[in-house]
Amino acid sequence: MAVFVDALGTLVELQPPAPRLRRLLAERGFAVDEERAARGFAAEIAYYLQHHLEGSDRERLDDLRDRCAARMMEALELPSLGHATAREVMLAALEFTPYPDSGPALETLHRGGHTVVIVSNWDCSLADWLGPAGLLEHVHAVVTSAEAGVAKPGRGIFERALEVAGARPDQTLHVGDSMDNDVAGARAVGIRAVLVARDGSGPAGVETVRSLSELPALL
């Protein structure tokens with residue numbers, strides 16, 4: 001059986017970037033308060049979310065990151081902050097931490113003979129973030145929206161993942177934290193969907209787990 005797993009909010013969580021950005025700027029002689037740092041990074045995130053499909057290869061990703069850094073610079077209102085420094089601190093402020101259950105769950109699924117594919121709305125660099133976190137050892141492939149050319153809940157990213165996994169929809173389960181992107185998106189392609197609700201329960205009629213450690217029992 002194939003198991004598709006979302007990344008952000010399912011396998012990893014983004015640590016608040018504003019405090020890290022503020023510290024990194026201070027180390028370079030630029031003093032900003034928490035609110036200003038948060039405003040700067042919010043502008044970057046908003047632009048990235050609108051344009052992340054453009055990061056489909058390394059050259060296009062490089063250009064996307066340049067543009068994201070420019071938006072952050074504008075919001076920070078630091079005229080003397082050079083573009084190279086802005087890009088450096090922008091990337092350094094990003095920290096994606098695996099949930100404690102992520103690694104063990106992927107290992108259990110792999111050892112159970114399942115084909116595990118990470119399916120996420122992300123640019124082509126997703127593996128760069130997940131690899132150092134130890135989350136790729138038991139994964140068959142990584143499919144991103146940027147490389148597929150369509151973001152969840154669109155059909156294209158799920159269809160690409162099915163192709164990569166060599167699986168049919170009725171042989172596949174997808175797990176993620178979003179009702180729209182993950183549950184509705186997977187169901188539209190005929191894939192069984194499971195919602196991760198770490199802090200509560202899911203809506204009626206939706207298979208829900210509070211931890212990825214519960215997944216193997218569902219297969």
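Predicted model: local features only at pLDDT ≥ 70, side-chain atom pairs only at ≥ 80, totals over all residues.
Angles between helices here run from 0 to 180 degrees between N-to-C directions, with axes fitted to C-alpha atoms over the stretch in contact.

H3 and H4 pack with their axes 9 Å apart, at an angle of about 100°. Angles of 65 to 115 degrees count as roughly perpendicular, and H3 and H4 are therefore roughly perpendicular to each other. On the H3 side, the residues that meet H4 include Asp62, Arg65, Asp66 and Ala69, while the H4 side includes His83, Arg87 and Leu91. Sorted by class, this contact of H3 with H4 has 9 nonpolar, 1 polar and 4 charged residues.

Is Arg87 buried or exposed? Its relative accessible area is 17%, and buried means under 20%, so Arg87 is buried. Setting aside neighbours within four places in sequence, Arg87 touches Asp62, Arg65, Asp66 and Ala69.

Next, follow H3 to another partner. H3 covers residues 58–76 and H2 covers residues 34–51; their axes come within 8 Å and cross at roughly 145°. The crossing of H2 and H3 is right-handed. From H2, the residues taking part include Phe41, Tyr47, Tyr48 and His51, and from H3 they include Leu64, Arg67, Arg71 and Leu76. By class, the contact between H2 and H3 divides into 10 nonpolar, 2 polar and 5 charged residues.

Technical notes
Residues numbered from 1 in each chain as written. Heavy atoms only, no water. Helix = DSSP H or I, 4+ residues; strand = E, 2+ residues; numbered from the N terminus. Left-handed = near helix turned anticlockwise from the far one by under 90°. Contact = heavy atoms within 4.5 Å. Nonpolar A, V, L, I, M, F, W, Y, C, P; charged D, E, K, R; others polar. Buried < 20%, exposed > 50% of the residue type's maximum accessible area, 1.4 Å probe, protein only. Parallel < 35°, antiparallel > 145°, perpendicular 65-115°, else oblique.
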